[in-house]
Amino acid sequence: QVQLVESGGGLVQLGGSLRLSCKASGINFMMYNMGWYRQAPGRQRELVATITTSGGNTNYVDSVKGRFTISRDNAKNTVYLQMNSLKAEDTAVYYCKARRTDVYAEYWGQGTQVTVSS
């Protein structure tokens, strides 16, 4: 059974930091590109950041560049999202996604709430 379990969300003040984690089980983690997405109330889910299987390539949506960092630890089957200088518009449910590189297979986590308060 495939599971992606996010953690690390919560309430943080404007300008603060959080680190999200997403631990995968039931998949060969090293075969999957990983991504973080978010969805704010009334808005579509958007891509935040992606990372390739080895961690050698990352991409970010413009609004988080320079503030967020995606990383992964293949030994721990975990992907992280370090979020610094948080803004009110970062408030959303954050989801991780695993997408296999060679065949179509993708999985989503259940999401973790991030709320940035002023």
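User: Between which strands is the loop in which Ser-85 lies?
Analyst: The model is predicted, so local features need pLDDT of at least 70 and side-chain atom pairs pLDDT 80 or more, while totals for chains, interfaces and linings use all residues. Residues are numbered from 1 along each chain as its sequence is written, and side-chain values use heavy atoms, with hydrogens and water left out. Strands are DSSP runs of E, at least two residues, and helices are runs of H or I, at least four, numbered from the N terminus. On that basis the loop of Ser-85 runs between S8 and strand S9 (92–100).

User: What is phi of Ser-85?
Analyst: Most residues other than glycine have a negative phi. Ser-85 is not glycine, yet has a positive value, near 50°.

User: Is Ser-85 buried, partly exposed or exposed?
Analyst: Buried means under 20% relative accessible area, exposed over 50%, and partly exposed in between (1.4 Å probe, protein chains only). The relative accessibility of Ser-85 is 42%, so Ser-85 counts as partly exposed.

User: What is phi of Asn-77?
Analyst: Asn-77 lies in the loop between strand S7 (68–73) and strand S8 (78–83). Its relative accessibility of 24% makes Asn-77 partly exposed. Phi is positive in this residue other than glycine, near 55°.

User: Which are the edge strands of the open sheet of four strands?
Analyst: The order in this open sheet is S1-S3-S8-S7, with antiparallel pairing. Edge strands pair on one side only, which applies to S1 and S7.

User: What does the twist average from one strand to the next?
Analyst: Axes are lines fitted to C-alpha atoms, for helices over the stretch in contact, and angles run from 0 to 180 degrees between N-to-C directions. In the sheet ordered S1-S3-S8-S7, the average from one strand to the next is 15°.

User: By what distance are the C-alpha atoms of Val-5 and Thr-78 separated?
Analyst: Val-5 lies in strand S1 (residues 3–7). Thr-78 is 73 residues apart from Val-5 along the chain. Their C-alpha atoms are separated by 9.3 Å.

User: Which residues does Val-5 touch, not counting those up to four places away in sequence?
Analyst: Val-5 has a relative accessible area of 41% and is therefore partly exposed. With contact meaning heavy atoms within 4.5 Å, Val-5 touches Ser-21, Cys-22, Lys-23 and Gln-110.

User: How many salt bridges does the structure hold?
Analyst: A salt bridge is a side-chain nitrogen of Lys or Arg within 4 Å of a carboxyl oxygen of Asp or Glu. One of them joins Asp-62, exposed at 60% relative accessibility, to Lys-65 at 2.9 Å, N to O. The number of salt bridges in the structure is six.

User: How many residues apart in sequence are the parts that Asp-90 and Arg-67 tie together?
Analyst: Asp-90 forms a salt bridge with Arg-67, the closest N and O atoms being 2.8 Å apart. Asp-90 is in the loop between S8 and S9 and Arg-67 in the loop between strand S6 (58–60) and S7, so the parts tied together are apart in sequence by 23 residues.

User: Which residues are linked with Arg-38 in a network of salt bridges?
Analyst: Arg-38, buried at 6% relative accessibility, meets Glu-46 in a salt bridge of 2.6 Å, N to O. Glu-46 is partly exposed at 29%, whereas both Asp-90 and Arg-67 are buried. The network links Arg-38 with Glu-46, Arg-67 and Asp-90.

Key. Pairing = 2+ DSSP bridges.
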